[in-house]
Amino acid sequence: MIQLKHISKYYPVGFGKNDVLNDVDLTIHEGEFVSIMGPSGSGKSTLLHILGLLEEPSGGEYLFEGEPVHKMSEKKRTQLHRGSIGFVFQAYHLIDELTVYENIETPLLYKNVPSSERKSRVADVLDRFNIVAKKDLFPNQLSGGQQQLVGIARAIVAEPRVIFADEPTGNLHSDQARVIMQLFKHLNETDKITIVQVTHSEQNAAFGHRVIEIKDGKIR
């Protein structure tokens, strides 16, 4: 499904450059649940952002289902991002001025999904995640665990093929974290959604099929 070939990423610093990723090769198969682990500053979040099309690599090739991402038009990349990819962030990234319902609905508005289908899909995920009673609340009225549930509901409402999760339980206590990780496992096993998570937690990593270790910008 996903193939990285000789991916590098650096940022200019003064007259030199700061290498973040160095000659990374990686293959992720459809239906996998992969955990990326490594110390702070190892490049794991940058790698996830490249996979999720939030950043571009400085060099190398990224193939999504055999198609080179770097050769796609801006329109095609946007369609891929909105149509096939869901993102879950550590800091939730919900829109404070929107209700739970409106936050979940947002990706469907970007995709121009008709109103009746939007209502049906949002109602479905609200019910599935057991947050129907919260639909008219705003993010600041929710606990961290509830905000992350809304973040995941928003990520899956557009029916993505793959979810990229960046430290999805980083701000949660252990009970909430376990609920979130069990939800990811369920999405992977039941909905067949490919999941790639960056995590510091060995307990979280154990929910996946395999662990990829990264250190100093290289996969070990």
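Helices α3 and α5 are roughly parallel to each other in this predicted model. The reason is the angle: α3 (residues 100-110) and α5 (residues 144-156) pack at about 30°, and angles under 35 degrees count as roughly parallel. Their axes lie 7 Å apart. The crossing of α3 past α5 is right-handed.

Which residues make the contact? From α3 come V100, N103, I104 and P107. From α5 come V150, A153 and R154. By class, the contact holds five nonpolar residues, one polar and one charged. N103 is the polar member and R154 the charged one.

**Strand pairing around β1**

Strand β1 spans residues 2-13 and pairs with β2, residues 16-28. The two run antiparallel, joined by nine bridges. β1 and β2 form a hairpin, and two residues separate the strands. G14 sits in that turn, with a positive phi of about 55°.

β1 also pairs with β4, residues 59-64. This pairing is antiparallel too, and it comprises five bridges. I2 has F64 as its bridge partner in β4. In a regular strand, side chains alternate between the two faces of the sheet.

**Positive phi in loops**

Most residues other than glycine have a negative phi. Where do they sit? N112 is in the loop between α3 and α4 (115-128). E159 lies in the loop between α5 and β7 (162-166).

| Residue | Relative accessible area | Class |
|---|---|---|
| E189 | 43% | partly exposed |

**E189 in α6**

E189 belongs to helix α6, residues 174-190. How exposed is E189? Its relative accessible area is 43%, so E189 counts as partly exposed; that class runs between the cut-offs of 20% and 50%. E189 and E65 are 124 residues apart along the chain. Their C-alpha atoms are separated by 20 Å.

How values were computed: Residues are numbered from 1 along each chain as its sequence is written. This is a predicted model: local features need pLDDT of at least 70, side-chain atom pairs count only at pLDDT 80 or more; totals for chains, interfaces and linings use all residues. Side-chain values use heavy atoms; hydrogens and water are left out. Two strands pair if DSSP finds at least two bridges between them. Helices (H or I, at least four residues) and strands (E, at least two) are DSSP runs, numbered from the N terminus. Axes are lines fitted to C-alpha atoms, for helices over the stretch in contact, and angles run from 0 to 180 degrees between N-to-C directions. Angles under 35 degrees count as roughly parallel, over 145 as roughly antiparallel, 65 to 115 as roughly perpendicular and the rest as oblique. A crossing is left-handed if the near helix is turned anticlockwise from the far one by less than a right angle, and right-handed if clockwise. Contact means heavy atoms within 4.5 Å. Buried means under 20% relative accessible area, exposed over 50%, partly exposed in between (1.4 Å probe, protein chains only).
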